[in-house]
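Here is a briefing on one protein model. Please look over the sequence and the structure before reading on.

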Amino acid sequence: MSTADETVSPATAAATDATDATDATDRADRADSPGPSQRGGDEGPGAGESGGEEGQETGRDAIIRAARRAFTLRPYAEVTMRGIAAKAGVSPSLIVKRFGTKEALFNTVVDFRPAAAELFGAPLPGLGRHLVLTMVDLRDRFRGDPLLRVVFSLGIEDERTLLRSRFREQVTDRLTGLLTGPDARLRAELVAGQLLGLGATLSLHRPDGATAHAGTERLADLYAPGIQRLVDGV
């Protein structure tokens with residue numbers, strides 16, 4: 001497996017904004033499982049423990065960011081635990097301790113539930129504005145877009161299918177269940193599209209675009225009313 005960086009297109013680069021001792025290396029190699037499964041996003045053995053090589057959360061967050069970038073830019077089979085560790089600035093053994101296997105790490109990366117919980121955590125009458133403000137906040141905290149990887153993943157068909165399935169189940173279906181009135185599924189899909197469009201715009205026009213310099217409240221003033229109309233169904 002190669003861990004060398006590859007040249008990526010501008011579209012793929014935007015997507016990565018969602019938005020990257022011998023025993024330790026051997027353990028990491030053995031943790032590279034043959035492929036992702038349909039299991040949920042459990043983090044595997046050792047997740048949540050603190051290690052001496054990192055801060056309480058900083059190292060874990062760095063691993064997640066590096067893994068998200070790696071799985072977006074490369075097919076699953078080409079991603080290695082050693083490569084992710086190098087990008088995250090931690091040892092391979094720490095990733096094994098935290099997540100157990102590459103498959104478990106992959107399943108954590110394709111879990112949209114934490115982002116969805118924050119995005120949809122507001123009453124319907126003000127959900128449009130909440131979605132815009134929360135999306136910008138999540139991008140800042142994640143150092144990348146929490147949803148956009150569903151569009152730009154370069155994985156093989158099984159991986160793309162899994163990613164889309166997770167997105168539909170954890171984002172679109174969840175929102176459908178919250179909406180009231182007719183065409184709830186259609187409106188939920190369109191809201192999801194608006195969020196993906198916002199993420200793509202913020203990525204494509206950084207760092208010098210008008211969106212990069214606009215305040216979050218101003219973005220919400222302009223963008224949220226359209227989303228709110230879809231939420232309300234009017």
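Helix H4 is followed by Gly89, whose phi is positive, near 75°. This is a predicted model, in which local features need pLDDT of at least 70, side-chain atom pairs count only at pLDDT 80 or more, and totals for chains, interfaces and linings use all residues. Residues are numbered from 1 along each chain as its sequence is written, and side-chain values use heavy atoms, with hydrogens and water left out.

**Overall make-up**

- The protein has 13 helices and zero strands. Helices (H or I, at least four residues) and strands (E, at least two) are DSSP runs, numbered from the N terminus.
- Of the 234 residues, 49% count as buried. Buried means under 20% relative accessible area, exposed over 50%, and partly exposed in between (1.4 Å probe, protein chains only).
- The accessible surface comes to about 11,100 Å². Carbon and sulfur atoms hold 52% of that surface. The areas come from the Shrake-Rupley method with a 1.4 Å probe, and for residues only the protein chains shown count as cover.

**Confidence**

- Mean pLDDT (the predictor's confidence in each residue, from 0 to 100) is 78 for the protein. A value of 70 or more is reached by 73% of the residues.
- Among the elements, helix H13 (residues 216–232) has the highest mean pLDDT, 97. Helix H2 (residues 22–31) has the lowest, 38.
- Residues 1–33 stay under 50 in pLDDT. For this stretch the model has 75 contacts beyond four places in sequence. Contact means heavy atoms within 4.5 Å.
- Residues 38–57 also have pLDDT below 50. That stretch has 49 contacts in the model beyond near neighbours in sequence.
- Where pLDDT is low, the predicted coordinates should not be read in detail.

**Helices H4 and H5**

- H4 spans residues 81–88. Its buried residues are Met81, Gly83, Ile84, Ala85 and Ala88.
- H5 spans residues 92–99. Seven of its eight residues are buried, so H5 is largely enclosed by the rest of the structure.
- The buried residues of H5 are Pro92, Ser93, Leu94, Ile95, Val96, Arg98 and Phe99.
- Gly100 follows H5, and its phi is positive, near 90°.

**H11 against H13**

- Helix H11 (residues 184–204) packs on H13 at an angle of about 160°, with the axes 8 Å apart. Axes are lines fitted to C-alpha atoms, for helices over the stretch in contact, and angles run from 0 to 180 degrees between N-to-C directions.
- That makes H11 roughly antiparallel to H13. Angles under 35 degrees count as roughly parallel, over 145 as roughly antiparallel, 65 to 115 as roughly perpendicular and the rest as oblique.
- The H11 residues in this contact include Arg187, Leu190, Val191 and Leu198. Their partners in H13 include Leu219, Tyr223, Ile227 and Leu230.

**H11 against H8**

- Helix H8 (residues 127–142) and H11 pack at an angle of about 45°, with their axes 11 Å apart. H8 and H11 are therefore oblique to each other.
- H8 contributes Leu131, Val132, Met135, Val136 and Arg139. H11 contributes Val191, Leu195, Leu198, Gly199, Leu202 and Ser203.

- Asp183 lies in the loop between helix H10 (157–178) and H11.
- Asp183 counts as exposed because its relative accessibility is 52%.
- Asp183 and Leu230 are 47 residues apart in sequence. Their C-alpha atoms are 9.8 Å apart in space.
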